[in-house]
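Me: Please take a close look at how one part of this model packs. Keep it brisk, and give the cut-offs.

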Amino acid sequence: MPATLRSSAALLALALSACVGEPLPAGGGMELPTALPKHDFTLTATDGRPWRFREATAGRLTFLFFGYTSCPDVCPVQMAGLAAAVRELAPEDQRRVAVVFVTTDPARDSAAVLRAWLDQFNRDFVGLTGTEAELDSVQRLFGLAPAVRETPGPDGAYLVGHAAQVIAFGVDDTARTAYPFGQRQTDWAPELRRLLQVPEPPAAAVPLAPARVAFPEGFAVAPLGGRTGAAYPVIRSSLALVDTLVAASSPAAESVHVHRTERVDGLLVMRREDALPIPPGTPLRMEPGGTHLMLGGLVRPLQPGDTVEIRLQFRLHGARTLRLPVRAYSDVAAP
Amino acid sequence: MNWWCSARDVAWTWTWQAYPGVWLFVAVLLGWYAWGLRRLAPAHAPAGSRVVRPAQVAWYAYGALALWIASDWPVGALGSGYLLSLHTVQWILYALVAPPLLLLGVPAWLWRALAARPGWGRFLRFFARPLPGLLLFYATMLGTHLPRVVDTLRPWQLGSFAIDMAWLAGGLALWWPVIAPRPDLGRLRDLPAIGYLFAATIVPTIPAAFMTFSNAPLYGLYELAPRVGGIAALEDQRTAGLLMKAVGDPILWLAMSVIFFRWARTEQAADAREREARRAARLS
């Protein structure tokens, strides 16, 4: 081989040997030092309506990301990766996933801009906006530094420095993992499947039933007057995850809602809860003076000795029907 | 300043960037050509004929132009770090367009002069055989399209340069057996040359099919690169796969057609000569 060719081959070998080592960012999530609860916040969705994060995503695998639609690098890649992974899921699993994109550039990301941008990835992705103060406070809520708008260039265009990670809340509404930039579509898919997995409850714990603790079957209370009653089931979740009670109904009442009684400034105040977390292991006891099911618009008067049927809808367990004995108000009310 | 286009971790802008290594590379190619023609012509060019035909100069210049376009901003910059479709355009220019033009641009006497130098003759004759040329083309084309190779080498200028040069080497090896001066340097005859070029269309089908039909981006580099013009990574990859076959193959088919018609003309001329000889024999 001529000397010039030998030199070329040596140069090629040098090039190859000099260019190995620094790999691309590896896929895989980053374990959070402490589990992050699904803090609640309300921002404006792309349809202009207020959107409550915790309520709307309760019990769903939720990916929360802060970014902006003019982002040239991180945002479209993260969204494309998630969109591809969601597309690979079965339709029933797709419904169990929420991707929430919160803009960090409200000046340019109008509702229409946000919607059009997200639609190129997935029409079900949620886009949220708000005032800069609201958006900053939401980022702080999740331990992120608020996004910083860089100085605009001569053409008025500017970049926004923002957190690049996607925070993943599991079906137990707790985040344990964040995904920094560098996740590939092939990395996202197994992660989604893993995060969606709900351990099968032990056979002995099925079906979900009120535990026999203080009031073995739970009970309902016949009201002294009017058309409003209350029920106090005891619920034990057989899962290792936090389940969520998301709805309740009864043939005996026009409406059934979860209410929580709290003492505020010495006064007892009753608040309606749209979603009630059911902790794993420990039974959730509903008690007079605490959390209870309010039966509104009773269709017939409840009598001690009757049974009230209540249908509870859980995020993970699905629908369960309870039958609770009715007790007299005087047997239950504190002396 | 970067000397050669490589993947960069910054958003794409249409602001021009200088790549002096590319200019040097093109200058060396042109300089070598001029040097060969001037320095070697007195001793090696056939007396009484032109040193080089204008068409050959034009072919060589077009070949250098193709390499310059493939390597410099914006095609080189986009192809090495942002869009796989442009990476494929680079491969087409490096392996399928520039090599035949460069080889056709060099007059036969210059090849013979080079072959007379120690070592070169054996080297040029070795690569004029179909198997080494085809295998080197296959190896460079498959090797430089392995995701791990692309993801590892493209972010570095030297690595990116190595990929580009491997394509050029594979392309020169592919085209040499059909362009080398015959018979002394062993160019393939016309019909075998057509079969040889047809064989060259087969293996690129493998990466092209993977790119076109994969459900996920194959190359982390292009998947995670800042987006250009809102083109999604998978869309870009599918375009790359289609380009590889839809543009790459027709170049080879064009060459096959040229060789076929040349063969047909030669055959017709031979038939005509034979008929003329028979007629002359009958008359005498």
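Reply: Helix 4 (residues 84-105) and helix 13 (residues 233-246) of chain B pack with axes 7 Å apart, at about 20 degrees. Axes are fitted to C-alpha atoms over the stretch in contact, and angles run from 0 to 180 degrees between N-to-C directions. So helix 4 of chain B is roughly parallel to helix 13 of chain B (under 35 degrees). The model is predicted: local features need pLDDT of at least 70, side-chain atom pairs 80 or more, while totals for chains, interfaces and linings use all residues. Residues count from 1 along each chain as written, chains are lettered from A and ligands numbered from 1 in written order, and side-chain values use heavy atoms without hydrogens or water. Helices are DSSP runs of H or I, at least four residues, numbered from the N terminus.

The crossing of these two helices is right-handed (the near helix is turned clockwise from the far one by less than a right angle). Helix 4 of chain B brings B:Leu84, B:Ser85, B:Thr88, B:Val89, B:Trp91 and B:Ile92 to the contact (heavy atoms within 4.5 Å).

Helix 7 (residues 185-196) of chain A lies across strand 4, strand 5, strand 9 and strand 10 (174-179) of chain A. Helix 7 runs at about 135 degrees to strand 4 of chain A. Strands are DSSP runs of E, at least two residues.

Terms used
Parallel < 35°, antiparallel > 145°, perpendicular 65-115°, else oblique.
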